[in-house]
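User: Hello! I am new to this structure and would like to learn what the labels rest on. Could you take me through it?

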Amino acid sequence: MEEKENDLIRFGVSMERKLLCRFDRWLTQAGYPNRSEAIRALVRDSLVEAAWFEDDLEMTGTITLVYDHHQRDLDSWLTQVQHQWEGTILATTHIHLDHHNCLEVLIIRGKPLDIRSLYGTVRGAKGVKHGQLALSTTGEGLP
Ligand code: NI
């Protein structure tokens with residue numbers, strides 16, 4: 001019989017009862033329909049995470065920033081940075097959280113090192129209260 005890359009392969013996994021109970025509780029809470037779906041998702045997450053350490057791959061992700069709207073020159077500096085990184089930043093969304101605080105999300109695509117460098121630049125700016133880099137994938141090469 002011909003073997004295809006997308007063939008479903010069944011395999012056995014041994015695990016301590018206690019660990020399996022915790023896993024089952026977690027996957028139910030997390031909304032996975034069964035162990036197989038949960039394990040597939042965890043494996044894909046791990047592969048994406050590992051890919052972020054391979055510098056020649058192109059990755060996607062988002063940078064979320066919460067910053068002080070009243071911080072002098074920060075708004076215009078952020079705009080300037082976004083122009084400098086126009087090849088890496090695909091889109092941005094800005095939300096005025098309240099009188100003082102703004103939230104900005106940058107959707108990014110590029111090499112891991114460049115993305116980390118961009119993140120460090122904006123996260124380290126004076127007036128940025130919180131930052132988060134969410135690492136994802138272009139999906140290319142991920143089964
Ligand atoms: Ni704002």
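Analyst: Happy to. Let us start with a definition: a residue is buried when its relative accessible area is under 20%, exposed when over 50%, and partly exposed in between, with a 1.4 Å probe and only protein chains considered. This is a predicted model, in which local features need pLDDT of at least 70 and side-chain atom pairs pLDDT 80 or more, while totals for chains, interfaces and linings use all residues. Residues are numbered from 1 along each chain as its sequence is written, and side-chain values use heavy atoms, with hydrogens and water left out.

User: Why is asparagine 101 called buried?

Analyst: Its relative accessible area is 13%. The cut-off for buried is under 20%, so asparagine 101 is buried. Asparagine 101 belongs to strand β3, where helices (H or I, at least four residues) and strands (E, at least two) are DSSP runs numbered from the N terminus.

User: What makes glutamine 132 buried, partly exposed or exposed?

Analyst: Glutamine 132 has a relative accessible area of 48%, so the label is partly exposed. This residue sits in strand β4, residues 128-135. The C-alpha atom of glutamine 132 is 8.0 Å from that of threonine 62, although 70 residues separate them along the chain.

User: How do you know that aspartate 24 and arginine 35 form a salt bridge?

Analyst: A salt bridge needs a side-chain nitrogen of Lys or Arg within 4 Å of a carboxyl oxygen of Asp or Glu. The closest N and O atoms of aspartate 24 and arginine 35 are 2.8 Å apart, and the pair counts as a salt bridge. Aspartate 24 is in helix α1 and arginine 35 in helix α2, so the bridge ties together parts eleven residues apart in sequence. Both partners are partly exposed: aspartate 24 has 24% relative accessibility, and arginine 35 has 41%.

User: How many salt bridges are there in the whole structure?

Analyst: The search finds three. One of them joins arginine 40 to glutamate 37, with closest N and O atoms 3.1 Å apart. These two are three residues apart in helix α2, which puts about one helical turn between them. Arginine 40 is partly exposed at 33%, and glutamate 37 is partly exposed at 34%.

User: What makes glutamate 58 and arginine 109 a salt bridge?

Analyst: Their closest N and O atoms are 3.0 Å apart, and they form a salt bridge. Glutamate 58 lies in the loop between α2 and β1 (59-68) and arginine 109 in strand β3 (residues 101-110), so this pair ties together parts that are 51 residues apart in sequence. Glutamate 58 is partly exposed at 38%, as is arginine 109 at 35%.

User: Which residues make the nonpolar surface patch, and what makes it a patch?

Analyst: Phe11, Val13, Met15 and Leu19 make it, and its area is about 410 Å². Patch residues have over 30% relative accessible area and no salt bridge; like charges are joined within 9 Å, and nonpolar side chains (Val, Leu, Ile, Met, Phe, Trp, Tyr) within 5 Å. Accessible areas come from the Shrake-Rupley method with a 1.4 Å probe, and for residues only the protein chains shown count as cover. Leucine 19, found in helix α1, has a relative accessible area of 47% and is partly exposed.

User: What lines the largest pocket?

Analyst: On a 1 Å grid over the protein atoms alone, a pocket is an open set of points with protein on both sides within 12 Å along at least five of seven lines, whereas in a cavity a 1.4 Å probe fits but cannot get out; lining residues have an atom within 4 Å of a point. The largest pocket is lined by 21 residues, and Leu8, Ile9, Phe11, Ser36 and Arg40 lie nearest its centre. Helix α2 gives the most to this lining, with seven residues.
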